[in-house]
Amino acid sequence: MSADLFLAWKYFKPKRSAVSVITLISVIGVALGVGVLIVVLAVMTGFTDKMKEKLVDTTSHAQVYGYTGAIANPEEVVKKVGELGGSAVPIVASPVLLQVGEKFIPKQLVAFDPEQDQGNVKLEEALLDGTGLKLGRNEIVISYLTARDLNVGVGDKILLHSPSHLAGLVKRDKNGKLELSSEAYLPGEYKVTGIFSFGKYDFDRDVIFLNLEDADELFGLPLGAATSVYLWTADPFRMDGFMQKVKENLPNYRVYSWQELNSRLLGVLNVEKNMQFFLLAFIVLVAAFSITNTLITTVIQKTREIGALKSMGASSGTVMRIFILQGFFVGFIGTLFGIALGVLVVRYRMAILHGLRFITGQEIFPKEIYVFSELPAHIVVTDVLWIAVISIVLCTFGGVIPAFRAAKLDPAGALRYE
C-alpha cells in the first residue's frame, strides 16, 4: 500500500476524538442524501411507469377522429388499420348525466360493440364478479365506485341523460329570455350487468360502459356511427412506424397516439423527476461541505505530522492526495450505505407507509389524490449509478481545499506548530 493511501485510511478512522465523530456524521450525511435521492427517484420513476401502464390499459394506443364530427363509417377505418397490422374498435365517447332516483352524477360514457373487440378494451378482465362480460342492448357496466356512490348493484336499473337532450329542454325567445321548450324526451334506461375496477382511481370514478348501438340512439347518431376509432398495436412504446403508416393511409382523419393525447401529463412527470433530482442533489452537496470542514479540522490537528512528512521528503502532491483520498473514502462509504438504505426503504415502502398511518392516524398515500391504490416505485440501475458517481465526485472535491492548505504548509513552521 502506498504511503498516501495508508495515511489517508489512517486519518479516515482515527482513535476516538472529535474528528472521528465529525467523520462519522459526514458519512451519515452522505448516506442520507444518497438514500433520499434513490427513494425519490425510484418513486417518481415507478409513478411514471405505472401511469403509462394504466393509460395504455384504460385507453387505446392511438385514436382516430373525423374532421367534421362523428365518423359515419368507422368500418372503413377498422379495415384499413387491420391491413396495416393493427386492430381497431369503433367507440362512442361522450359525457352523460347518470341518474338513480333523485341522485345525478356526471360520468364519461365509453360505448363499443363487444363482438367487434378483440380483447383490447380489457373490460372483461376488469370485472369483479368474473362471470363474463354482458353488454348487450339496454345493458350497462359501471365501476365499483359508481356502484358504491349510488348504492346500486348488478340487476338494478339506472337512467342516462345526454347533454344534447338536456340542452333542448330550454330555449330563448325573440327577446332573449329563457323559456321551456315544447319538446320532451325520456332518458335511456339500462340494466347494470357488471361492475369493474381497472385499479386507476380517476378512471374508475369517471367512466361507465355501454353498448355502441345504445349510445348511438342516446346521442342521436346514425346507427353504427362512432365519435372515434380506438387503435391498438403490438408495442405501444415503439409505435412511431405504425403511426406514420396510419397517418399516411388515413389522410382524411386526425390520428393521435396515446403519448400525444397525454403529452402534458407525461411532460409534467418528466420535469418533476428532473427537478427533484436537481434539488435533492443539494443534500449531497451539503454533505460535501461538511467533509471540507472535517478535513480542515484534520489538517489543523495533524499539522506537525504533515511537517514531519514533508521534512522526510514527502512531496506536496503526496500530501494533497492524502486528504483528497479521505474525501473519497467518506463519499464512497457513505454512498454504499446510502444505496443500501434507499433500496431497503423502497423494498419495504408499503410497510413504512402503514406504520406511519398507524402512528399519525392519517392516510399517507390517499388513492383519491395519487390515483393508485399503492405507492409505486421502480429503481433504475442507471439512476443509481449517476447518483453514486455524483455523490463520490462531490465528496472527493470536498477534500480539495483542505488538501491545498496541507500541501502549502512549510515544514519548519509546521514542526514548530503547537
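**Reading helix 8 and other features of a predicted model**

Trainee: What makes helix 8 (residues 212–219) largely enclosed by the rest of the structure?

Mentor: Because 6 of the 8 residues of helix 8 are buried, the helix is largely enclosed by the rest of the structure; buried means under 20% relative accessible area, exposed over 50% and partly exposed in between, with a 1.4 Å probe and protein chains only. The buried residues of helix 8 are Leu 212, Asp 214, Ala 215, Asp 216, Leu 218 and Phe 219. This is a predicted model, in which local features need pLDDT of at least 70 and side-chain atom pairs count only at pLDDT 80 or more, while totals for chains, interfaces and linings use all residues. Residues are numbered from 1 along each chain as its sequence is written, and side-chain values use heavy atoms, with hydrogens and water left out.

Trainee: What is found at the start of helix 8, and what follows helix 8?

Mentor: At its start, a side-chain oxygen of Asn 211 comes within 2.9 Å of the backbone nitrogen of Glu 213, and after helix 8 comes Gly 220, with a positive phi near 70°. Helices are DSSP runs of H or I with at least four residues, and strands are runs of E with at least two, numbered from the N terminus.

Trainee: How do you know that the length of helix 16 (residues 381–397) agrees with its number of residues?

Mentor: The expected span is 1.5 Å times one less than the number of residues, so the 17 residues of helix 16 should span 24 Å, and the end C-alpha atoms are 24 Å apart, which agrees. Among the buried residues of helix 16 are Val 384, Ile 387, Ala 388 and Ser 391.

Trainee: Why is Asn 151 called exposed, and why is Lys 122 called partly exposed?

Mentor: Asn 151 has a relative accessible area of 68%, so the residue counts as exposed, whereas Lys 122 has 31% and therefore counts as partly exposed. Asn 151 lies in the loop between helix 5 (144–150) and strand 5 (157–161), and Lys 122 in the loop between strand 3 (103–112) and helix 4 (123–126).

Trainee: What is the phi of Lys 122, and what is the phi of Asn 151?

Mentor: Lys 122, although not a glycine, has a positive phi of about 65°, and Asn 151, also a residue other than glycine, has a positive phi near 55°. Most residues other than glycine have a negative phi.

Trainee: How many helices and strands does the protein have, and what share of its residues counts as buried?

Mentor: The secondary structure comes to 18 helices and 11 strands, and 43% of the 418 residues count as buried.

Technical notes: Polar contact = N/O pair within 3.5 Å; in protein donor to acceptor, adjacent residues only side chain to side chain.
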